[in-house]
Every structure is written in C-alpha cells, then in structure tokens.
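Thanks for coming. I will go through one model today, chain by chain, and then the place where the chains meet.

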Amino acid sequence: MQMADSVFMFLATMMVWLMTPGIALFYGGMVKSKNVLNTAMHSYMPLAVISILWVLIGYSLSFSPGNSLLGGLDWVGLKDVGFAPGPYSETIPHSLFMLFQMTFAVLTVSIIAGGIAERMKFSAFLIFTILWSLFVYAPVAHWVWGGGWLAELGTLDFAGGNVVHISSGVAGLVLAIMLGKRKESGDSAPHNLPLTFLGGSLIWFGWYGFNVGSALTINEVAMNVFVNTAVAAAAGIIGWLIVEYMANKKATLLGAVSGAISGLVAITPACGFVTPASSIIIGVIGGAVCFWGVFFLKNKLGYDDALDAFGLHGIGGTWGGIATGLFATTSVNESGANGLFYGDFNLLWKQLVAIIATYIFVAAVTYIVAKAINLFVPLRVSEEDESMGLDLTLHGEKAYHESI
Amino acid sequence: MSEILTKIEIITRPIQFEQFKAELAKIGVSGMTVSEVKGTGLQKSYVETYRGRNREMSLHDRMKIEIVVCEVPVQDVVDVARKFLSTGKPGDGKIFIYELANVVNIRTGKEGHDALKNDI
C-alpha cells in the first residue's frame, strides 16, 4: 500500500463521480424546458440505484474471479473487499479500486439516458438501469478488465471505450429505436445551452480522472495518458467545428462542447497506448466522424437518438477502438502492443473482434431486457403526457415558473 | 362621457425601449403595459442550427406596448413611436389604435378620464 497512489485514486474517483451530474446537466440543457427535470433525473438516478447495486453484487460479477464470460460471487456484499489491497493494484486499498469502478458503472448507465430522452417512462427506465447493469455492464466489464475472454484475446481498452462508451451508445440506440420517434422530434431544440456548456465542462474535467485514474498510479504511462486526453479533447473540438463549418457555415457552441466529448470518447480506449501526436489525429477524426454520425447517419437511417448517446459515445467509441489498433505502440507502454502503423496487423483484428462482439451482445441483451420490461411496464409515456411534458406529468414539478 | 379614450398598441422590435419610454414621458404618457411577444410579418425567417440540423424560425421576438390616452393627442404618440422605433427595414412592427368604451381604476373605482389621472 502506498499513500501517494491512494490519494491520487481518491481524487480520480471524485472526478469521475462528477461526470454523472455533468451528464445530467449536459443532457438537461438539450431538451425542451418541459422535460429538463425528467432528463436530468434519468441521468442522476444511477447514482442512487447503481451505487447500491454495485456494492451488493455488481462489483463481484464484474471483477471477482469467475469464468471468461462473467465474474463470480466471491465479493458479493463486499465480502473480502476492504482496506487491504486487492488483485488489481498492490498500492491502493481494494475498496478504493471498487469505488473507482463504481463511478464508471454509474456513469455508463447515465449516458444511455441521452438516447431515450423526452419519451421514456421513468419507472421503466429505472428498472432497465438495474437489469442492464447486471446483464450487460457486468459481463462486458468482466470481459475486458476482469480477466474475461477479451482480456485473454489481447484486445486493448485502456479506460473503457468498449465497456463504457460503445456499450452505453449501442444501448441508447436500441432503446431509441424500440421507443420510436418523439412526437416533436422534428421541432426539438435545446432550451438552455449554457446548462449544456456547464455540464459538458464538468464531464471534460472528470474525464482526466477517468483516463489518468485508469492507470491506477502516477507513472510514465499515466502522465502520457494525461497529455493524450488533453490534446484529444482539444483536437475533437477542432475536428467537429471544421466539418460543421463546411456543412453549415457556422461554428456553434453546442458543436464545440460536443466535439470535445467526441475527442474524449475517441481517445478513451487508446490513451494508455498511443503517442500525443497520434492522440491529436485520433481526436480530430473523432470530432469529425461524430459530427458525421449525428448529422448524416442519423438522418439517413431515421432513428431518433434524441441527444446522440450513440452519435457521440457509440460512434466515437468505435473509432477509438479501431484507432487503438492503428496507432498503439509499445514505445509508450510496454504492456500494450503495436498497431497497424507500427507494423502489426494482429491488434487491429483483435480490436475489431472486441467491437463487433460488444455491439452484438449489447444490442441483443438490451433488446431482450427492454422487451421483458415492456410486458409489465410500458416503456413509453402516453401521448398526452408527452405533449404536456414529463416534468409535470411524471414528477409533478416544473423547472421554470412564470411569476403568475 | 364626452371625452374620448384611445388605446394605442405598439408591436415592435425589442430595442431602445428605455429611450422610447423616456420620450413618451416627455409628452405626458407615464403609464403603460409591456409584454414580450412573438410575431411574424414581412421580415425574413432566420435559421438556427443544432448539431448540424437546421431549424427555420419565422417567429421573431417582439415587444408589445399598450398605452391608453385621453388628454395626450394620439398623433403625438404615433410620431414619437415612428421617430424612435423605425429602422427602415421590414420588421419594425405596427401601431394599432382603438377607441375604448370605458376605463375603471380598480383602487378608487373612478371611471373614464378620471381613472387615467395620477392623483392620489
């Protein structure tokens, strides 16, 4: 055990925690004023529900020794998870590692809320978050980080491109398609972009804890991650704005914030394995490709991914996974591998396997879970509730009051 | 009642309001009701863009100023309004003038011209 690492990981954990309220504000600003509280609640409630689920069983299913598909039950209820260091780091308390990972599990579910905004029933989403966290998040986290089959295969996912971003993005997309379009989807516009700007900035701040903390210590790799994260976010803004300007002759604030998050998503799986120069390229392309996703792909295919959970996290995560297979080099991290541009085709192939497997598994199980819930609780709110606004009809409160 | 009560409703761009209000006070108009409204007319629509999706908006922000006069000549109010609110471009707005049946002051119960006077 080492005090410096422990203090560092405590700070990183707090920073990742802040990303979840950040997502709630980021999404809340993008919906109509009659739905802002409901949207924020969808992203905030995982802090209540998933935190407890994680302590009870989620952590054990994700990280305890099990088979190649799922963890075991050894750490249920935090049995044997205490102050003494665990198997994932010798220098920090096991319970601190568990809490760091808890913030990831919470954040992942809160990202999904972007796909379903302005039309999903609150109760149905709550039940969904619990089942999805058990049946989708826990296995995928185990595959990559808990010693599962993707780890054995040798795929690289430093801070959670597959586990957090592709999984939440694909889940958001599947739910968005199952729910159908919002009645006013053609006429929707953000009601409070400064709120989105504030939320997006908190998310970016927290991301330094997310990526650098994933090193679990402050060493050469961790500092390279810090640099990579900073430049990829910056490059993401530039990439998004360039393409947006070419398409619309306007550079928007919403575009800048979205571009930063696209760049951050894209660098997440790669950040511990690539050079800063590669990170800039990954970030620029991340911003550009995510704009293409929300601008072109969404229109072309006609799904209503309301706040672009898939557009940013799914597409950005997919590009990040591929980019890891292209740009990774053992010169920055000996425990990594060489990508295609460093002469080895194997890693790219493994990255593609990991991405495709995650897409198929997440989409299938998300669909089954949502269908099962729909047997007991309708997923979508009534037409009347939707037009009156979910803040009032589902929660009995309004975000903004007129003086009368 | 021999006096004529006139209501003047000005719908215009939300600009230079404080200056306009000060000018109205100079010609003796001290009371008014102002609201924020949306309107559409000859002015071209504008485009909002969110994550690449364009949204054409034809409703523009306007303010509506309602004034009731009796002693002050209606033409004076119209002149001040045109002088201060005209930009020369489509979208400057309109002035609507109505004859009123009566006015009642809620606190004193006075009616007509008396209801408009500021005496305590």
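In chain A, 58% of the 404 residues are buried; buried means 20 or more other C-beta atoms within 10 Å of the residue's own, exposed means 12 or fewer, partly exposed is in between, and the C-beta atoms are placed from the backbone. This is a predicted model, where local features need pLDDT of at least 70, side-chain atom pairs count only at pLDDT 80 or more, and totals for chains, interfaces and linings use all residues. Residues are numbered from 1 along each chain as its sequence is written, while chains are lettered from A and ligands numbered from 1 in the order in which they are written.

Let me start with the overall form of chain A. Chain A has 15 helices and zero strands. Helices (H or I, at least four residues) and strands (E, at least two) are DSSP runs, numbered from the N terminus. Along the principal axes, the C-alpha atoms of chain A fill a box of roughly 60 × 50 × 40 Å. The radius of gyration of chain A is 20 Å, which agrees with the value near 22 Å that a compact globule of 404 residues would have. That radius is taken over C-alpha atoms, and the globule rule is 2.2 Å times the number of residues to the power 0.38.

Next, contacts. Two residues are in contact if their C-beta atoms, placed from the backbone, lie within 7 Å. Of the contacts in chain A with a separation of 6 or more, 76% are between residues 24 or more positions apart.

Now the cores. A nonpolar core is a set of buried Ala, Val, Leu, Ile, Met, Phe, Trp, Tyr and Cys residues joined through C-beta atoms within 7 Å. The largest one has 130 residues, and Tyr27(A), Ile116(A), Leu264(A), Ala270(A) and Ile282(A) have the most contacts inside it. Helix H4 of chain A, residues 94-116, gives the most to this core, with 15 residues. As background, nonpolar side chains in soluble globular proteins tend to be buried together.

Two backbone angles in chain A deserve a look. Most residues other than glycine have a negative phi. Leu78(A) has a positive phi, near 65°, and is found in the loop between helix H3 (46-63) and H4 of chain A. Leu78(A) is partly exposed, with 15 other C-beta atoms within 10 Å. Asp308(A) also has a positive phi near 65°, in the loop between helix H11 (276-301) and helix H12 (309-327) of chain A. Is Asp308(A) buried or exposed? Asp308(A) counts as buried, because 27 C-beta neighbours lie inside 10 Å.

On to chain B. An open sheet of four strands has the order E2-E5-E1-E6 (chain B), with antiparallel pairing; two strands pair if DSSP finds at least two bridges between them. Its edge strands are E2 (33-39) and E6 (93-99) of chain B, each pairing on one side only. The twist averages 20° from one strand to the next. Helix H2 of chain B, residues 74-85, packs on the sheet, touching E1, E5 (60-69) and E6 of chain B, and its direction makes about 10° with that of E1(B). Axes are lines fitted to C-alpha atoms, for helices over the stretch in contact, and angles run from 0 to 180 degrees between N-to-C directions.

Strand E1(B), residues 6-12, pairs with E6(B) over seven antiparallel bridges. Within that pairing, Glu9(B) has Phe96(B) as bridge partner, and Lys7(B) stands opposite Tyr98(B). Seven bridges also join E1(B) to E5(B), again antiparallel, with Thr12(B) opposite Met63(B).

Val77(B) is found in helix H2 of chain B. Val77(B) counts as buried because of its 23 C-beta neighbours inside 10 Å. Leaving aside neighbours within four places in sequence, Val77(B) is in contact with Ile8(B), Val29(B), Ile67(B), Val69(B) and Val72(B).

Last, where the chains meet. How many residues does each chain put into the contact? Chain B gives seven and chain A gives 14. On the chain B side, the elements that give two or more residues are strands E3 (46-50) and E4 (53-57) of chain B, and E3(B) has the largest share, three residues.
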